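I opened this entry to keep track of what I looked up in the model.

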Amino acid sequence: MNSIVINVGNSNIRFGLFDDDNCDISWIINTKPYRTADELHGQMLILYQTYKIDPKDIKKVIIGSVVPQLTREITSAIRKIHGIAPVIVNSSTPSSVKEKSKQRGTDIYANLVAAHNLYPGKKKIIIDFGTALTASCVSENGESLGVIIAPGILTSLNSLISQTAQLPEIELVKPRSVLGLDTITCMQSGMVYGFLGMVEGFIDRINNEVDDECFVIATGGVSHVYKPLTEKIHIADRLHTLKGLYFLGKDL
């Protein structure tokens with residue numbers, strides 16, 4: 001069965017076309033809180049044409065959102081395009097993950113659900129390099145062990161640039177050297193190696209607290225920058241959160 005899964009984040013909206021449990025195609029648009037249903041309707045139809053998706057072939061649409069004001073507009077656009085009501089999943093949606101608290105975002109919950117389904121038999125840490133930088137942990141039996149939330153990398157970089165008069169916009173890539181001799185390299189080193197140190201510290205401290213060596217998954221927009229720089233991250237998967245939303249909604 002073909003499904004569209006939509007992850008509405010604070011910075012981006014990611015769409016994924018699932019053929020049963022496999023995500024064959026995904027694409028991203030920028031999150032703008034004041035998009036209208038008509039605007040989303042038009043943009044989605046253009047993207048469907050780009051990826052040769054026939055709306056009649058889609059049997060289910062699953063939405064997970066951390067931007068409440070957009071959920072209603074996307075739901076309206078989905079009804080116009082597909083003639084069906086989407087399945088809305090959130091932190092209260094039942095799953096095999098045992099939640100100790102409902103006070104967490106749908107994206108974090110989806111990360112835990114995906115990790116539990118995709119990598120059974122071990123404790124997992126999910127590092128999400130999104131608008132916020134989060135580290136969440138789930139046990140072998142699906143118990144949620146807790147979460148860390150820190151400022152996101154691009155969020156911090158944009159704040160640094162906007163609050164200083166002479167620091168330029170930079171590309172977030174591995175710098176030529178750790179110690180920079182020009183402003184761009186200095187900033188790249190701070191953003192890349194500074195946050196890498198934070199991420200590695202999170203992993204070490206979580207491992208110590210749960211008394212195990214967890215399997216570590218990286219996801220989110222800039223995860224590809226950090227995965228090659230450390231052996232503490234075992235796999236990078238930009239679609240990890242999307243897969244969790246799929247698992248949450250597939251049987252609803």
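Is C214 buried or exposed? I found C214 buried, because its relative accessible area is 3%, where buried means under 20% relative accessible area, exposed over 50% and partly exposed in between, with a 1.4 Å probe and protein chains only.

Before going on I noted the terms of the model: it is predicted, local features need pLDDT of at least 70, side-chain atom pairs count only at pLDDT 80 or more, and totals for chains, interfaces and linings use all residues. Residues are numbered from 1 along each chain as its sequence is written, and side-chain values use heavy atoms, with hydrogens and water left out.

**Cysteines.** I took a disulfide to be a pair of cysteine sulfur atoms within 2.5 Å, and by this rule the count came to 0 disulfides. C214 is in none, since I found its nearest cysteine sulfur, that of C137, to be 4.2 Å away. I also looked up C186, which is partly exposed, with a relative accessible area of 39%.

**Sheet.** For the elements I used DSSP runs numbered from the N terminus, helices being H or I of at least four residues and strands E of at least two, and I counted two strands as paired if DSSP finds at least two bridges between them. I then found an open sheet of 5 strands in the order 3-2-1-4-5, with mixed pairing. Strand 3 (22-30) and strand 5 (87-89) stand at the edges with a single partner strand each, so one side of each has no neighbour in the sheet. Neighbouring strands are turned by 20° against each other on average, direction ignored, with axes taken as lines fitted to C-alpha atoms, for helices over the stretch in contact, and angles running from 0 to 180 degrees between N-to-C directions.

Strand 1 (residues 2-8) and strand 2 (residues 12-19) run antiparallel and are joined by 7 bridges, forming a hairpin with 3 residues between them. Within this pair I read off S3 opposite F18 and V5 with G16 as its bridge partner. Strand 2 also pairs with strand 3 in the antiparallel sense, over 8 bridges, where F15 has W27 as its partner.

D21, in the loop between strand 2 and strand 3, counts as partly exposed at 41% relative accessibility. Leaving aside neighbours within four places in sequence, I found D21 in contact (heavy atoms within 4.5 Å) with Y246 and K250.

**Helices.** Helix 2 (residues 68-82) lies across strand 1, strand 2, strand 4 (60-65) and strand 5, and runs at about 170° to strand 4. Helix 7 (residues 240-249) packs on the sheet as well, touching strand 1, strand 2, strand 3, strand 4 and strand 5, with its direction at about 120° to that of strand 1. I noted that 9 of the 10 residues of helix 7 are buried, among them Y246.

The axes of helix 3 (residues 106-118) and helix 7 come within 7 Å and cross at roughly 85°. That makes helix 3 roughly perpendicular to helix 7, as angles under 35 degrees count as roughly parallel, over 145 as roughly antiparallel, 65 to 115 as roughly perpendicular and the rest as oblique.
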